Amino acid sequence: MMNKSISVSIDHLDAGIAMKIAIAGLGPAGSYLGALLADKHQVDIYEGQEKDRFTSICAWATAEGGARQLLKQIGVNFEDYILHKGKKMYISAFNEIFSIDAPELVTFDKPRMIHDVADGLNVHFDTFVRQGELDDKYDLVIDATGPYRKVLGPVQTGRDMILPTFQWLVKYKELPFDDFYIEPFSNFTGYLWYFPLGDHDAFVGAGDILKHHRAKVEDFLKRYPPAEKVRTMGKPIRVAAPSSVTPHRREKVIGVGEAIGTVYPILGEGILPSMFAAKLLSENLDDAMRYSKSIKKKFSAYDLSYDYILRKINHKDNFFNSFPAAVRIFIWFKRNFMITGVNPSLWQTLKVLRPRRKG
Ligand SMILES: Cc1cc2nc3c(=O)[nH]c(=O)nc-3n(C[C@H](O)[C@H](O)[C@H](O)COP(=O)(O)OP(=O)(O)OC[C@H]3O[C@@H](n4cnc5c(N)ncnc54)[C@H](O)[C@@H]3O)c2cc1C
């Protein structure tokens, strides 16, 4: 491989020349990007966790069709990692439980998949990257550190939003639900999830901007006591959309994945979107401005969803601003169920997204 160091502006790099690229973070974004780039470039991935204890604090749900397509491009068979195949998702809202179609929704062994995606790549485990420390050694430094943006630095829009989360891995004798189950909190400050993992295991977790997430999870586990509570975990999740999570770049550092807001705000789904962002970066590696523009364009529906949530949280939603947005969100769901995994009807979408009742 030609290994010529580049010192020109990264606005217009020659994508044909091999570069030295550092990626901080071995999540879906960093691992997938590494796999896409490793043929052409010299790639080093730095991951803060130890190799033997590597995991991914996440509920491990994604859409089978979308994941299959993306992973096929790097020779990985998504089917091998599936733990539970969904048919529906139960939603508990406004004192009733109903189900929506979830034909593509699955849970999968995310850490094992990431491990296999990164197989053969040059990964430095147990190495936390700090801002600036890699800049002199590489032509490009990629921040794929998720909510932390440890290399890129803080969001400067004043519109970032990060929720705390808490989750139990539990084992049931008798599963309380045969499929996915969620409880959105009033005014969309977050939601609780119960996601089956096959073999009577499940993740029961919640994220809430009002910080009632732990209490909500413990309350669920009192209502549906598991045979065994295995372990707890938690990590922040960014739900702000890419236009609100800028800059996407600082000098030779470029962000990808959750670091730049590629999590669908209503669902908190960030696995596939972060891999899509990695693909966009691999295609626009020679032009950081074009990359940022293409991210904003591809994820413009995330802005709509984020604005919707902000109005709910700030009690500024009413019929006139909620209804048209809810219809647009429904149309987006219809077109993208291979990415979200869920396929609600218009009526079901409006039922969940309806404006807050006054009083
Ligand atoms: C509790 C919870 C449940 C979730 N459930 C789902 C779900 O079911 N489905 C879904 O689609 N999304 C879910 N998400 C969101 C999803 O996990 C993320 O959006 C997605 O993994 C983002 O991918 P990423 O590669 O950008 O970042 P991450 O997955 O966050 O990966 C970042 C990596 O960087 C490493 N790192 C951090 N700082 C440094 C540093 N300074 N140096 C080196 N390495 C560093 C971390 O250890 C980590 O391995 C959930 C999130 C949480 C918190």
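In this predicted model, Arg149 has 25 C-beta neighbours inside 10 Å and therefore counts as buried, the cut-off for that class being 20 or more. Arg149 is found in the loop between β9 and β10 (162–163), and its phi angle is near 50°, a positive value in a residue other than glycine. A positive phi, near 55°, is also found at Asp199, likewise a residue other than glycine, which is placed in the loop between β13 (190–196) and β14 (201–208). Asp199 has 9 C-beta neighbours inside 10 Å and so counts as exposed, the limit for that class being 12 or fewer. A further backbone feature is the cis peptide bond that joins Thr246 and Pro247, with omega about 5°; Pro247 lies in the loop between β16 (237–238) and β17 (249–250).

The surroundings of the ligand comprise 39 residues, of which the closest are Gly25, Gly27, Gly146, Gly257 and Gly270. By residue class, this shell divides into 18 nonpolar, 16 polar and 5 charged residues. At least two residues of the shell are supplied by each of α1 (28–37), β3 (61–63), β11 (165–171) and α5 (271–283), and the element that gives the most is α1, with 3 residues. Helix α1 is itself mostly covered, since 10 of its 10 residues are buried; the buried residues include Pro28, Tyr32 and Leu37. The elements that cover the buried residues of α1 include β1 (20–24), β2 (42–46), α3 (110–117), β9 (140–143) and α5.

Helix α5, which contributes to the shell around the ligand, also packs against helix α6 (residues 288–298), the two axes coming within 9 Å and crossing at roughly 145°. The crossing of α5 and α6 is right-handed, and the contact is made by Phe276, Ala277, Leu280 and Leu281 on the side of α5, and by Tyr291, Ser294, Ile295 and Lys298 on the side of α6. The residues of this contact divide into 6 nonpolar, 1 polar and 1 charged.

From α8, the contact involves Ser322, Ala326, Ile329, Phe330 and Phe333, and from α10 it involves Leu346, Thr349, Leu350 and Leu353. The residues of the contact divide into 7 nonpolar and 2 polar, with no charged residue.

Two individual helix positions may also be described. Val217 lies in helix α4 (residues 213–223) and, with 24 C-beta neighbours inside 10 Å, counts as buried. When residues up to four places away in sequence are not counted, Val217 touches Phe166, Trp168, Leu192, Val204, Gly205 and Ala206. The C-alpha atoms of Val217 and Gly207, which are 10 residues apart along the chain, are separated by 9.5 Å. Ser300, by contrast, is placed in helix α7 (residues 300–313) and counts as partly exposed because it has 13 C-beta neighbours inside 10 Å. Between the C-alpha atoms of Ser300 and Gly86, which are 214 residues apart along the chain, the separation is 28 Å.

Technical notes
Residues are numbered from 1 along each chain as its sequence is written. This is a predicted model: local features need pLDDT of at least 70, side-chain atom pairs count only at pLDDT 80 or more; totals for chains, interfaces and linings use all residues. Two residues are in contact if their C-beta atoms, placed from the backbone, lie within 7 Å. Helices (H or I, at least four residues) and strands (E, at least two) are DSSP runs, numbered from the N terminus. Ala, Val, Leu, Ile, Met, Phe, Trp, Tyr, Cys and Pro count as nonpolar, Asp, Glu, Lys and Arg as charged, and the others, Gly among them, as polar. A residue is near a molecule or strand if its C-beta atom, placed from the backbone, lies within 6 Å of it. Axes are lines fitted to C-alpha atoms, for helices over the stretch in contact, and angles run from 0 to 180 degrees between N-to-C directions. A crossing is left-handed if the near helix is turned anticlockwise from the far one by less than a right angle, and right-handed if clockwise.
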